[in-house]
Amino acid sequence: MVKAIKTTLIISSAYLLVLFLSLIKLLVKKKIIFCQLHGTDRIGHMAANTEIFLRRLKHLNHFQKNEICLGYCSGKNMCNRQLLNMYKKRFPIVEKGIAFAVLNSETFKRTAHYYRLPFNSNEYHEFNSCGPILSFTKDEKNKGREELGTMGIGESDWFVCFHARDRKYLGAGSEYHDYRDCKISNYLKAAEYIAEMGGYAIRMGSVVEEALPKNIHPRIIDYATKYRSDIMDIYLPAHCKFFLGNTSGLFLIASIFDVPVACANFIPLEITPMRKGDLYIPKKLFDSINNKYLSSTNLFFGLVVQW
């Protein structure tokens, strides 16, 4: 009974909201559009979809002059509070309350005032011709430098972020994405090379399956298990020399700050790094029937391109 009343209230409120928005458009000639931040529980979508939208809004005149864009979260689980707060400085975002429930209702989504933020994997122009939308405040920069100091990294030091996707982040029910996973150990030789060249290699991640070995180079830092915080999840990829990753949304944090990306074990190939100069290597797939690895032709023109 309570659920039915709540559903009725939300649907009724959605109709009233649309009526109100229609009146505004009629009387003051302004169309208000509520833009859904797709995947606010997934850092890749929250970063890329929102960044593409705001770059189009600022640089490409993607909307009409009489259209006013407001944002709202698609879910209650927030992947990174720091990232959301930074985007909130660029345009208003609803994340809770009755307005959150109404805007996320199917009733409202069927109206002309609903817009879902895009990411079609072909936004090369947005990532190469439009500058970053986000920037750090003085306090955030000071906090970032302070945290780097805690990790033993000085202001004149350089560092690279590296990351490997595993099942732990999404947890149970995400097994259908297991083919995108790989071992963090695959990246340690690269991390050791960076350390030997005088840089620091910072292992990224929010929730990870395993810690790095204890006997590794002192310049290789297991940030994911020892220092992880919301602000540094954004600050580190934004300030690293380059980001070494795989098919996981975290590398897109580097992309939205125009930081170079190199990805290994990349699959599927439908969404690849899109900035000029970015690199990626497809993941090797073994054909168990024919007892051999798939050729490049099969990788690029077969079903492994798609999700």
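The legends below describe close-up views of a predicted model.

Residues are numbered from 1 along each chain as its sequence is written. Because the model is predicted, local features need pLDDT of at least 70 and side-chain atom pairs count only at pLDDT 80 or more, while totals for chains, interfaces and linings use all residues; side-chain values use heavy atoms, with hydrogens and water left out.

**View 1. The four-stranded sheet has the order 3-2-1-4.**
Helices (H or I, at least four residues) and strands (E, at least two) are DSSP runs, numbered from the N terminus. This sheet is open, and its pairing is parallel; two strands pair if DSSP finds at least two bridges between them. Strand 3 (93-94) and strand 4 (114-116) are the edge strands, each pairing on one side only. Strand 1 (residues 31-37) and strand 2 (residues 67-73) run parallel and are joined by seven bridges. Leu-37 has Cys-73 in strand 2 as its bridge partner.

**View 2. Helix 2 (residues 43-59) packs with helix 3 (residues 81-88).**
Two packed helices are described by the angle between their axes and the distance between the axes. Here the angle is about 10° and the axes are 11 Å apart. Axes are lines fitted to C-alpha atoms, for helices over the stretch in contact, and angles run from 0 to 180 degrees between N-to-C directions. Helix 2 and helix 3 are therefore roughly parallel to each other; angles under 35 degrees count as roughly parallel, over 145 as roughly antiparallel, 65 to 115 as roughly perpendicular and the rest as oblique. From helix 2, Ile-43, Met-46, Ala-47, Thr-50, Glu-51 and Leu-54 meet Leu-83, Leu-84 and Tyr-87 of helix 3, where contact means heavy atoms within 4.5 Å. The residues of this contact are seven nonpolar, one polar and one charged. In this grouping Ala, Val, Leu, Ile, Met, Phe, Trp, Tyr, Cys and Pro count as nonpolar, Asp, Glu, Lys and Arg as charged, and the others, Gly among them, as polar.

**View 3. Asn-49 is a buried residue of helix 2.**
Its relative accessibility is 2%; buried means under 20% relative accessible area, exposed over 50%, and partly exposed in between (1.4 Å probe, protein chains only). Leaving out residues up to four places away in sequence, Asn-49 touches His-38, Gly-44, Leu-117, Pro-118 and Phe-119.

**View 4. Cys-35 has a neighbouring cysteine sulfur that is too far away for a bond.**
The closest cysteine sulfur, in Cys-69, is 4.2 Å from that of Cys-35, and a disulfide is a pair of cysteine sulfur atoms within 2.5 Å. By this rule the count of disulfides is zero. Cys-161 is likewise in no disulfide, and its nearest cysteine sulfur, that of Cys-240, is 4.0 Å away. Cys-35 is buried at a relative accessible area of 0%, and Cys-161 is buried at 0% too.

**View 5. The six-stranded sheet has the order 7-6-5-8-9-10.**
This sheet is also open, with parallel pairing. Strand 7 and strand 10 (279-282) each have a single partner strand, so one side of each is left without a neighbour in the sheet. Strand 5 (residues 159-162) runs parallel to strand 6, and four bridges join them. Within strand 6, Ile-202 is the bridge partner of Cys-161 and Arg-203 is that of Phe-162. On strand 7 (residues 220-221), which pairs with strand 6 over two bridges, Ile-221 is the bridge partner of Ile-202. Tyr-200 and Ile-202 point one way from strand 6 (residues 200-203), Ala-201 and Arg-203 point the other way, and all are buried.

**View 6. Helix 10 (residues 230-239) packs against helix 7 (residues 138-150).**
Their axes are 10 Å apart at an angle of about 90°, and the two helices are therefore roughly perpendicular to each other. In helix 7, the contact residues are Glu-140, Lys-141, Lys-143, Gly-144, Arg-145, Glu-147 and Leu-148; they meet Ile-231, Met-232, Tyr-235 and Leu-236 in helix 10. The residues of this contact divide into five nonpolar, one polar and five charged. Helix 10 also lies across strand 5, strand 6 and strand 8 (243-245), and runs at about 120° to strand 5.

Lys-29 is exposed, at 55%.
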